[in-house]
Structures are given as C-alpha cells and as structure tokens.
Amino acid sequence: MKKIEAVIKPFKLEEVREALSEIGINGLTVTEVKGFGRQKGHTELYRGAEYTIDFLPKVKLELVVSDDILDSAMDAIVKAAHTGKIGDGKIFVTSVEQALRIRTGETGEEAV
C-alpha cells in the first residue's frame, strides 16, 4: 500500500476528486493548508497599504491506495490539477506498513 499526499490549488479540488472517483478511489482526506515554493508569494494592496502575502492557500489531499493503482491515481491527480502555471503543486508517495478499519477490524488493503 502507498500513501499519496498531493498539494494542489484549491480551485482544482473538485476536478481531482472526480478524476479519482472515476478510477474507483472513493475516500480521501482534504486539509486546507498554506505554503510557498517557487511561486513565492505576492504583494497586495489593502486600504492604500501594500503588504506581502508569503504563504499561499493550497489544499492537501491524503489517500492510501494499493500498489497496483498507484500510477493511475497519480496520473489522475496530475491531469486534473494541471494548469501549466507555477504553483500547480506536488505529489509525495510513501509506503504504508499497516492499515486498520476501526469499525470492522479489517486490516491491510481491505481496510483501505
């Protein structure tokens, strides 16, 4: 099993969710986060005062998938989240040693 963490632009969330749903992934966790990378921040004007926004709003998706659908899940995220502009996001993949569904006691891939 693999855990996918994807940081994307907030307005792309629904497209990514739909793309994952089309390949059979129905569960994921979404967190609103802030951060910056190459995109840095930007300057805004508010009531005549200029200020810099260093951390930009992003959305972090977390999902655990079986090894055999990892590549298709990553492809779905990339295609749905891509705008071609700086700040599209990143995907990180890590191994998951164990999973347990609390309600039923199922373990391993059955719990995912």
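**View 1. Surroundings of valine 7 in a predicted model.** Leaving aside neighbours within four places in sequence, valine 7 is in contact (heavy atoms within 4.5 Å) with Lys58, Val59, Lys60, Asp88, Gly89 and Lys90. Valine 7 lies in strand β1; helices (H or I, at least four residues) and strands (E, at least two) are DSSP runs, numbered from the N terminus. With a relative accessible area of 24%, valine 7 is partly exposed; buried means under 20% relative accessible area, exposed over 50%, and partly exposed in between (1.4 Å probe, protein chains only). The C-alpha atoms of valine 7 and serine 95 are separated by 18 Å, and the two residues are 88 apart along the chain. The model is predicted, and local features need pLDDT of at least 70, side-chain atom pairs count only at pLDDT 80 or more, and totals for chains, interfaces and linings use all residues. Residues are numbered from 1 along each chain as its sequence is written, and side-chain values use heavy atoms, with hydrogens and water left out.

**View 2. Aspartate 88 in the loop between α2 and β6 (89-95).** Aspartate 88 is buried, at a relative accessible area of 16%. Its side chain makes a polar contact with the side chain of threonine 83 (2.3 Å). A polar contact is a pair of N or O atoms within 3.5 Å; within protein, one must be able to donate a hydrogen and the other to accept it, and residues adjacent in sequence count only if both atoms are side-chain atoms. Not counting residues up to four places away in sequence, aspartate 88 touches Val7, Ile8, Lys9, Ala81, His82 and Thr83.

**View 3. The four-strand sheet.** The strands form an open sheet in the order β2-β5-β1-β6, with antiparallel pairing; two strands pair if DSSP finds at least two bridges between them. β2 and β6 are the edge strands, each pairing on one side only. From one strand to the next the twist averages 20°. Axes are lines fitted to C-alpha atoms, for helices over the stretch in contact, and angles run from 0 to 180 degrees between N-to-C directions. Helix α1 packs on the sheet and touches β1, β2 and β5, its direction making about 10° with that of β5. Helix α2 lies across β1, β5 and β6 and runs at about 5° to β1.

**View 4. Strand β5 and its two partners.** Seven of the ten residues of β5 (residues 56-65) are buried, so this strand is largely enclosed by the rest of the structure. β5 pairs with β1 (residues 2-8) in the antiparallel sense over seven bridges, and alanine 6 stands opposite leucine 61 in β5. β5 also pairs with β2 (residues 29-35), antiparallel and over seven bridges. In β5, valine 59 has glutamate 32 opposite.

**View 5. The largest nonpolar core.** Ile4, Ile8, Val16, Leu20, Leu61 and Leu63 touch the most other members among the 17 residues of this core. β1, α1 (13-22), β5 and α2 (70-81) each supply at least two of its residues, and α2 gives the largest share, six residues. A nonpolar core is a set of buried Ala, Val, Leu, Ile, Met, Phe, Trp, Tyr and Cys residues joined through side-chain atoms within 4.5 Å. Neighbours within four places in sequence aside, isoleucine 8 is in contact with Leu13, Val16, Lys58, Val59, Leu61, Ala81 and Asp88.
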